[in-house]
Structures are given as structure tokens and as C-alpha cells.
Amino acid sequence: MKTSEIFEIYSQHVCKPKASFFEQLNLKMVQGKRYGIYIEMLEGLREDDPPLKLIDCHTSGGVKNLGSHHPEIDKALTDGLKAGLDIGDHHLISEQRALLGKELATLLPGDISKTMFSVGGGEAIDLSIKLARGYTKRSQIISADKAYHGVTGFALGACSKSFREPFHWNLTDFKHVPFGNIDILHKSITEETAAVIFETIPATGGILIPEKGYFSEIRETCNETGTIMIIDEVQTGLGRTGQLWGIHGGVYPDEKIVPDIIVLAKGMSAGVYPLSTTSYKPFLEEVFEEDPFLHISTTGGSELGCFVTRKMLEIISEPSFLKHVQEMGNLFQKGLLEIKEKSEKIIDVRGRGLMWGIEFEDELFSLFFTLSMIKNGVFCDYCGNFKQVNKFLPPLIIQPEEIQIILNKIEEGLSNLG
Ligand SMILES: Cc1ncc(COP(=O)(O)O)c(C=O)c1O
């Protein structure tokens, strides 16, 4: 089908405002073939242009950690189907869920050894908050004021105002604090607080790196007040920071914190089968003692999805895999810092591993930079809650020469915009 036809149908039957958004930016493009680190559009942006081919630095926030159609993942999906796997029945005991739970217990920090399964990140965050409230019998939740944790009930409550207010979703039990400010946090956590929930590096919030010691202090305060510490590793987990977990050495190598709950999604799908997890310390299991059917997800933890996810975990837990992410991250960081030295438009460059943000002097520049990058072959975007920051999350399988291409295109983008 032609791009213009798809836009027409999409406008009529899916979401007109979204189609109009892209049209107004002269980005009339529809995703086509994707493979490795690339995502191709069905057509070029101008008539007679060849199909637009982009290096995927968006990766849907890490869904495409292994790039698109990694051969071992595609094989696991077809092998799983051939072996008779499907969603399974959510009431019954499942071998695939048992095996994935066991595998996660070996990889997650400390004694986080129990896992429940959902379909998307928001649902898994909801469960983490339910666990904290069910266990502590308290209702207050503290999160960051620029946070994004998903669009479902409790998750939305923990998000920034911008996502909540249009839906009049101002739950009085949900308090929001500036990320990184330990004094305010100390004053906010009390013996009424059920949980604190933070991303280790807020992605939508602007790729913020807290000062060293921030998470250790949170851990201590949670211990003192009996508050549950929830860490959202939906974007930072699974190797993104050059370590398996942002909270366990990924932000600061010698700061290895064990929260009470870790939530994973996006990359858990390996790009092909939606799956998310809420992993927790055994003491929290008490919540399900009386009724093990208290929290269910019919299609969460599909047996086929678990099978694929185990293959993804096998790939990323190879020591050579994380070493590769660290090396590529170092290359990217070095290049970005060199570009920053030469550009007056850049205020800051920050990140870890293969998760980087470039902060520009204003939002408009950031928007034009995004457009210029897309037109020039790199798919990146700006952070929804801190729009003057552009973020780059390339696939973790990226190679040095591809990093160099991205860096060259960033330089070109900056010089095109003067
Ligand atoms: C940090 C973080 N947490 C949670 C979510 C929600 O995940 P999902 O869109 O799968 O519900 C997102 C999605 O962007 C996210 O970035």
C-alpha cells in the first residue's frame, strides 16, 4: 500500500491527531521493513526518493535491544510455536513461567527471586504498587515529578502531571518529588509511605543521572521506615547501562543496590512477543497467601513469550555481550563529548552505557534537531517530560562503525541548524 493511503485509513480508523502530527512535521512516513539496527519506511519523504532508511536509536525505549529480527530470537519464536507453545492457560501452573522465573532469580540482584508476569510495563508497575500497598497496608506512594511509568491505573498515578491531569487522575495518596533531591525525599518518606518508585535513569524525564549515594540513601530510608523500594528498570534494565541492571552498578559501578521490587518490560519482549515482569523479594509473597488468584493477567506471561524471553536472557547474560555494550558506550560517550566541546547549542551530555541524552538550550532547537536527524537517517526523539533533551538508545548490538555514522550525523544535524 502507498504511504498516503495508509495515512488516510489510519486517520479515519485509528488516530487522526497522531497522523496529523506527523503530517504537520512533513514526516509522512510509515514503518516498513526492519532488520538489525535499521528501520526502513515504506517510501521516501519526497516523491521519487528511495525508501527512508533509519538507524534505530529510538528502539521503542529498548524493545529492540537486540535489534530487529535477531536470528536466534526469530528461531526461538518459531521453535516455540513448533513445540506447541502458545499463550497457555493463566490459571494453570506453567513450565515456561517456572523456568523464566528461575532464570530471572539467577540474574537479578540479591534475593529478588520471585516473578509475576504481565503484558506491558504499566501493568507490571501496577502490580509492584499493589504488592507494596498490600504488604505494608499503607497507601502512600512517592515518585518523581517528571516520571513516566505507564498509562494504567497506579502507574499513571506515579507519572508526571502532564500525563495525569488530562484524565483528572490526581490520586491523593500519590506524592511527587524532584528526582535526585535527597533532602526533599527524606522529608517525604514517612511511616505512612507504602513505597517509593523511581527509574534509575529517568528516560522521559530527561536522562537524569542522580548524584552518587542517592539510591543508597533511599535504600536506607526505606529500611528505617518500612517502605518498599520499587525500581523501574523498564528502559535501564537488561544491559542498557553496560551492566545488567541500572540500580546494581549500572549508574555507579560501586553502588550496587538491591531494591525490594524490580520491574522489567520493553526489552523483555525481545522485539517480538510482549512480556513484562514484576520481580520481588520473597517476603512480599505474603500478599497472595490467602488468595493466589488475587492478581491475574490472562495473556501476561504467555508460554511462547517466556520461551523467547529466555533466549534473549541467554544472549544478554554472556559476559562478552555486556563488555560489548560498555565498549560501544565508551565510544559513543567520547564522540558526544567531543561534539559538545565544539557546539554552543549543547548544554550537557549525559548517560550510561548505550543510553544517552543531549541537552540543548531550548525545546524548539531540540525539535528541529530531531527532525533533521530523521531526515538524515537516524531515528531519535526528544524526552517527553524534558523536551530540550534528545535521547539516543541504539540497539545494544551496534558496531563501532555504526556508532561513528550516528556521531557524524549528529554533527551534520547541528551544522545544518546553524
Ligand atoms: C520507564 C518506563 N516505565 C514503564 C513504561 C510503561 O511501559 P508500557 O508502555 O509497556 O506499558 C515505560 C514506557 O515507555 C517506561 O519508559
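This is a predicted model: local features need pLDDT of at least 70, side-chain atom pairs count only at pLDDT 80 or more; totals for chains, interfaces and linings use all residues.
The pairing of β13 with strand β3, which covers residues 53-56, runs in the parallel sense and extends over 2 bridges. Both strands belong to an open sheet of 4 strands, arranged in the order β1-β2-β3-β13 with mixed pairing. At the edges of this sheet stand β1 (31-35) and β13 (378-379); each has a single partner strand, so one side of each is left without a neighbour in the sheet.

Attention now turns to a pair of helices. Helix α12 spans residues 363-375 and helix α13 spans residues 400-416; their axes come within 9 Å and cross at roughly 125°. The two helices are therefore oblique to each other, and their crossing is right-handed. On the α12 side, F369, S372 and M373 take part in the meeting, while α13 contributes K409, G413 and N416. Sorted by class, this contact of α12 with α13 holds 2 nonpolar, 3 polar and 1 charged residues.

The last stop is the ligand. Around the ligand lie 15 residues, of which G120, G121, G122, G150 and V234 come nearest. Helix α5, formed by residues 121-136, gives the most to this shell, with 3 residues. By class, the shell around the ligand is made up of 8 polar, 5 nonpolar and 2 charged residues.

Definitions and conventions. Residues are numbered from 1 along each chain as its sequence is written. A residue is near a molecule or strand if its C-beta atom, placed from the backbone, lies within 6 Å of it. Ala, Val, Leu, Ile, Met, Phe, Trp, Tyr, Cys and Pro count as nonpolar, Asp, Glu, Lys and Arg as charged, and the others, Gly among them, as polar. Two strands pair if DSSP finds at least two bridges between them. Axes are lines fitted to C-alpha atoms, for helices over the stretch in contact, and angles run from 0 to 180 degrees between N-to-C directions. Angles under 35 degrees count as roughly parallel, over 145 as roughly antiparallel, 65 to 115 as roughly perpendicular and the rest as oblique. A crossing is left-handed if the near helix is turned anticlockwise from the far one by less than a right angle, and right-handed if clockwise. Two residues are in contact if their C-beta atoms, placed from the backbone, lie within 7 Å.
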